[in-house]
Amino acid sequence: MPTPTIDSVPHLTKEIIQLEGATVRLAGDSGDGMQITGSQLTNTSALAGNDIATFPDFPAEIRAPKGTRAGVSGFQVHFASEEIFTPGDELDALVAMNPAALVTNLGDLKRGGILIVNEDSFAEKDLKLAHCTENPLEDGTTDGYRLIKVPMSKLTLLAVKNVTSADGEHLGNKMAERCKNFFATGLIYWLFGRDPEPTLKFIRDKFGKKPEIAEANELALRAGWNYGETTEDFASSFRIDPAKLPPGKYTNIMGNQALAWGLVTAAWQSGVEIFYGSYPITPASPVLEELSVHKSFGVRTFQAEDEIAAICSAIGASFGGAMAVTGTSGPGIALKAEAMGLAMMLELPLLIINVQRGGPSTGLPTKTEQSDLLQAMFCRNGEAPLPVIAARSPADCFEVAREAWKISSRMMIPVIILSDGYIANGAEPWQIPEASELPRWTIQHPQAKENGEPFMPYQRDELLSRPWAIPGTPGLEHRIGGLEKQNITGNISYDAANHQAMTNLRAQKVANIATIIEPLEVDGPLEGELLVLSWGGTYGACVTAAERARNLGLSVAHAHLRWLNPFPANLEQVLKGYRHILIPELNMGQLRLLLRAKFLIDAIGFNKVQGKPFSVNELLREIQRITETGDDAP
Amino acid sequence: MSLELPVLTPADFASDQDVRWCPGCGDYSILAQMKKMLPTLGVPREKIVFISGIGCSSRFPYYLNTYGMHSIHGRAPAFATGLKCARPDLQVWVITGDGDGLSIGGNHLMHCIRRNLDINIVLFNNRIYGLTKGQYSPTSPLGKKTKSTPYGSIDNPLHPLSLAIGCEGTFIARSIDVNIKHLTETLRRAANHRGTSFVEVYQNCNVFNDGAWNYASDRDVRSDNILELEHGKPLIFGKDRNKGIRLNGMEPEVVNLGNGICEDDLLFHNEQATEPSLAYLLSRMRHQDGFPEPIGVFRAVDKPRYDEELNHQVQNVKTQFGEGNLTQLFNSGDTWTVS
């Protein structure tokens, strides 16, 4: 092969095949840099104008034992010239950096798919670490796939052999070999016609302080590209045209980032400043990290001593008039439950974010699940209903954060925002809104009273919301607390009838939210055989499966719940239009339980908790099974 | 509008709620001294917030006509932290007890003190769980027989001031419910300190633990059992002020003045010592070990305050990079245009 140089990338000489889309997964050891590589492929594909959806999948351990199956880290990218909603079911191409990555991921590669392996990491010790008794490259495991063995480690070492640091030192072999993830990136870029320039810029920015590392990674990337162009293993490469997205300016956004930006935007729109109390927890920590950057927006982040202090500090800030937010995952919500009840009882605005992960207990911290719905609904003592809204995709987190704040501040009530690990770490193109076109509004605080009349902190408006009087306002001094309070005055009351009345008022206040949120929308027929009802991060798989079912001529509609409490006012009406209701959930049937309890509707569940999102195909099969057999029992 | 602050009286700080502590409870005196002291601070009533947890002491905010929050068990310091960070203009008080602050809320108390937020914490120590009717608390002495320790407590007690000094608190003080002048003055100093003020008040629970502090509050014996700390003064105590504390190596010892021992031989109090060692030594002097227990200000030093630092960071970033701009934020990554 030609010696790589830092020139422009050579022109392609081979045949180019046009594709509508492709799903590629890069898999290797946790230390192999697969998450960086995957993010780069995502970004580059987005910049090429493709629609994208991603699924990073990594172990809970920071550095699981090297070379083992437990240490395999993967990043899946689906890019297409049409609108897509999922990171793809089957892989068109898989890059496996070692035997463990190969055997744990091969099952997802479609028959005849491209399998690129680093053949330098299939020595006896590598096989042993992966618990392979035979070499999977030789024992028939890879039969039926387009296996392309590339000596990536050797070629990478060769490519970077002339790189020296400022004081003339050559890179050590270990350091040089670590550049092999960029060799793999270069090869995939050649294969799918990606422009390497954005990644070269990324390399220069990221490793700018160590020019020799930047140079080595750049050479490795170019060597990978050149390898594809030169090797006879590939007769052709692929092209995916830009997707026909609505006109506008786009950027690639991840769920947690969109959530943080949504909060910042909501604060700006409503003229308040954010107080974010949080305790580090996977997969919610990136929200804390992202918000801590944005001090220029007046964002105050507080990394509390524990989950309880995180929410309590936020409630304190809310009492003071801040836009108070706390974020965590399921185990953190368990700890916050008492304080959530207090915030509900105080009737203060507050956003409580749960980026769900696999449970129960510590569960599967880095894997996705939506099994905290019932926790969100019922985790508190006493009659303590709270509104719950769920994001459906990474970019949707931006909208959900803003809507949640609007409701919370309007209704003086804590709102629970549900996201999940799949949305939080996944990415998709986001059409950048025009900041000047975002509406602004003012939150009304009652003004000072100088006539000596007592202030009534629990006097309610037409939607049963109460005034948000903040300390510092003369004449409005008042006390709030967790003891039952007398209606209107807010003084402590143990009166039986008053407790009943207050309980009813607080419940009715939540119910009233249904009058100011959007009704449920349906895609597909308004009456028919089957309605697929989804919530949260399963949106993409459900909308795609229902559409495919309709293309097959089936009478299938899809609706997606944004608010889980209260339900949209027209939900019961919508549900009545179909013979069967299918509720796919990454839990054991939590929304189904709520719907049965509320509407006496016997919905069919499609449930799994395997740390992975639904594939479109498995949903489609279930839809077909129900529509063909009319059978409710799976 | 007049720029002069209206002159307030204790009555201005009384809320319209009936006080519901047991008759004879030490909390009444603490409430009275607080009401007496607050009008002297020159802080408008609406700028003051009292936050409490759960327990008898935590009913305190309901009885003051300021802003107030009766929160959940042990967490008052966390609520106060958020409020003070968001609203540094407010004067924030935390009212807690030995169960609320040291048992269920020990974690928050510790972190609040070490952050040195500019708030005031008053811990009513009655060495018992009163609101739950008489179980032992983290400050109950070993061997204490209560409803939940019928054979005597086997739990080593926690000493609030030692804990607060271990967290490097910047203002550490102790007073007694019935020592009303001393209590008023201690609360005033706590209010005026910039940083977390931590005040332990010996408080009598006349229903479930009556007389627990008799040695410190009873007129007949207290002068021999209590030592009033004064900055820069030697440690002298006793009805006849003829006893003092001298250092013997690293250990304090009680000595009688006279017979060749003069005031200059005694340990001198320095509340401004940078190192908290002296304050810690004082906090370890206990009645049961034959020492007088110090009251007054153990430590008062100036250190950076979390709430100020947080707001400085926000201001500095705004000054350096300008007010937040959404257009810039949205375009901070790679972008592309679809036409």
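**Entry 1: the two chains.** I looked up how much area chain B and chain A bury between them, and found about 5,400 Å², of which 63% is on carbon and sulfur atoms. I note that this is a predicted model. In chain B, the residues that lose the most area to chain A are B:Y67, B:F330 and B:W336, together 17% of what that side buries. I then looked up the residues in contact: 58 of chain B touch 69 of chain A.

**Entry 2: one residue of chain B.** I picked B:F79 and found its place in helix 2 of chain B, residues 76-86. Is B:F79 buried or exposed? I read a relative accessible area of 0%, and under 20% counts as buried, so B:F79 is buried. Leaving out residues up to four places away in sequence, I listed what B:F79 touches: A:C312, A:S313, A:I315, A:G316 and A:L342 from chain A, and B:I51, B:M69, B:S71 and B:I72 from chain B. I also looked up B:H108, which lies 29 residues from B:F79 in sequence and 9.8 Å from B:F79 in space, C-alpha to C-alpha.

**Entry 3: a helix pair in chain A.** I turned to helix 1 (residues 34-47) and helix 6 (residues 180-191) of chain A, which pack at an angle of about 25 degrees with axes 10 Å apart. Angles under 35 degrees count as roughly parallel, so I put helix 1 and helix 6 of chain A down as roughly parallel to each other. I recorded the crossing of helix 1 with helix 6 of chain A as right-handed.

Note on methods. Residues numbered from 1 in each chain as written. Chains lettered and ligands numbered in written order. Predicted model: local features only at pLDDT ≥ 70, side-chain atom pairs only at ≥ 80, totals over all residues. Heavy atoms only, no water. Axes fitted to C-alpha atoms, helices over the stretch in contact; angles between N-to-C directions. Helix = DSSP H or I, 4+ residues; strand = E, 2+ residues; numbered from the N terminus. Parallel < 35°, antiparallel > 145°, perpendicular 65-115°, else oblique. Left-handed = near helix turned anticlockwise from the far one by under 90°. Buried < 20%, exposed > 50% of the residue type's maximum accessible area, 1.4 Å probe, protein only. Contact = heavy atoms within 4.5 Å. Buried area = accessible area lost by both parts, 1.4 Å probe.
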